[in-house]
Amino acid sequence: MTEMIHQLPDAKDFLLSLTVNSVDETAILAEKCSELLTGGEIILLWGPLGAGKTLFTQHICKGLGITGEIVSPTFTIANVYPGEKTIYHLDFYRLESTDELVDVGFEAMLEDVENGNAIMLVEWPGPALKWLDDRIEILIQPGTEPDKRTIHLRGTSELPDAWQQLFQEK
């Protein structure tokens, strides 16, 4: 079951994409994304190990005013960052089935997001897909050079105009 829930989506299925050439450009893009978040959003972050999902999350959190250390929740499964809006940073890489979501309190977090009180950022989101109807998805693909990335964007419902404009500006 693990393989199926951790399968990466195909880049050709994403609406928009852009290339960043450095860690700084990745950070700037993530901070610009944070400006579009008001609460109630679910952002799914796809990409192979080491692609930059946590880096992207760190800079979204920075843009949202989170000042503490933002670390990968690979082993803790869930990190919670209080702020103007609570940030739930989840990483489901180590989960082997969707049943394990109950153990991490996923339903309560999801309710908090749906009420507009929080923002959810999920790395390796496969186990949770059937519960996440309205979401923004970002696929980060490493390039041929160490810090170069192609970042793809799509939404499960209509992608908000501001997100489309952000990805078309570059």
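**View 1. Strand 2 and strand 5 (residues 118–123) pair in the parallel sense, joined over 4 bridges.** The model is predicted: local features need pLDDT of at least 70, side-chain atom pairs count only at pLDDT 80 or more, and totals for chains, interfaces and linings use all residues. Residues are numbered from 1 along each chain as its sequence is written, and side-chain values use heavy atoms, with hydrogens and water left out. Helices (H or I, at least four residues) and strands (E, at least two) are DSSP runs, numbered from the N terminus. Two strands pair if DSSP finds at least two bridges between them. Isoleucine 43 has leucine 121 in strand 5 as its bridge partner. Strand 2 is also joined by 4 bridges to strand 6 (residues 136–142), and these two run parallel. In strand 6, leucine 139 stands opposite tryptophan 46.

**View 2. Strand 2 (residues 42–46) is mostly covered.** Of its 5 residues, 5 are buried (under 20% relative accessible area, with exposed meaning over 50% and partly exposed in between; 1.4 Å probe, protein chains only). In a regular strand the side chains alternate between the two faces of the sheet. Both faces of strand 2 are covered, with Ile42, Leu44 and Trp46 buried on one side and Ile43 and Leu45 buried on the other.

**View 3. The open sheet has 7 strands in the order 1-7-6-2-5-4-3.** Its pairing is mixed. Strands of a sheet pair through backbone hydrogen bonds, either parallel or antiparallel. Strand 1 (16–20) and strand 3 (78–81) are the edge strands, each pairing on one side only. From one strand to the next, the twist averages 20°. Strand 4 (residues 86–91) pairs with strand 5 in the parallel sense over 6 bridges. Leucine 90 is found opposite valine 122 of strand 5.

**View 4. Helix 2 and helix 3 both lie on strands.** Helix 2 lies across strand 1 and strand 7 (149–155), and runs at about 140° to strand 1. Helix 3 packs on the sheet, where it touches strand 2, strand 3, strand 4, strand 5, strand 6 and strand 7. The direction of helix 3 makes about 165° with that of strand 5. Contact means heavy atoms within 4.5 Å. Axes are lines fitted to C-alpha atoms, for helices over the stretch in contact, and angles run from 0 to 180 degrees between N-to-C directions.

**View 5. Helix 2 (residues 23–34) packs with helix 3 (residues 53–63).** The angle is about 50° and the axes are 7 Å apart. Helix 2 is therefore oblique to helix 3 (angles under 35 degrees count as roughly parallel, over 145 as roughly antiparallel, 65 to 115 as roughly perpendicular and the rest as oblique). Residues of helix 2 that meet helix 3 include Val23, Leu29 and Cys33, and those of helix 3 that meet helix 2 include Phe56, His59 and Ile60.

**View 6. Isoleucine 77 and tryptophan 124 have positive phi values.** Isoleucine 77, which is not a glycine, has a phi of about 75°. It is found in the loop between helix 3 and strand 3, and is buried with a relative accessible area of 9%. Tryptophan 124, also a residue other than glycine, has a phi near 50°. Its place is in the loop between strand 5 and strand 6. Tryptophan 124 is buried, with a relative accessible area of 8%.
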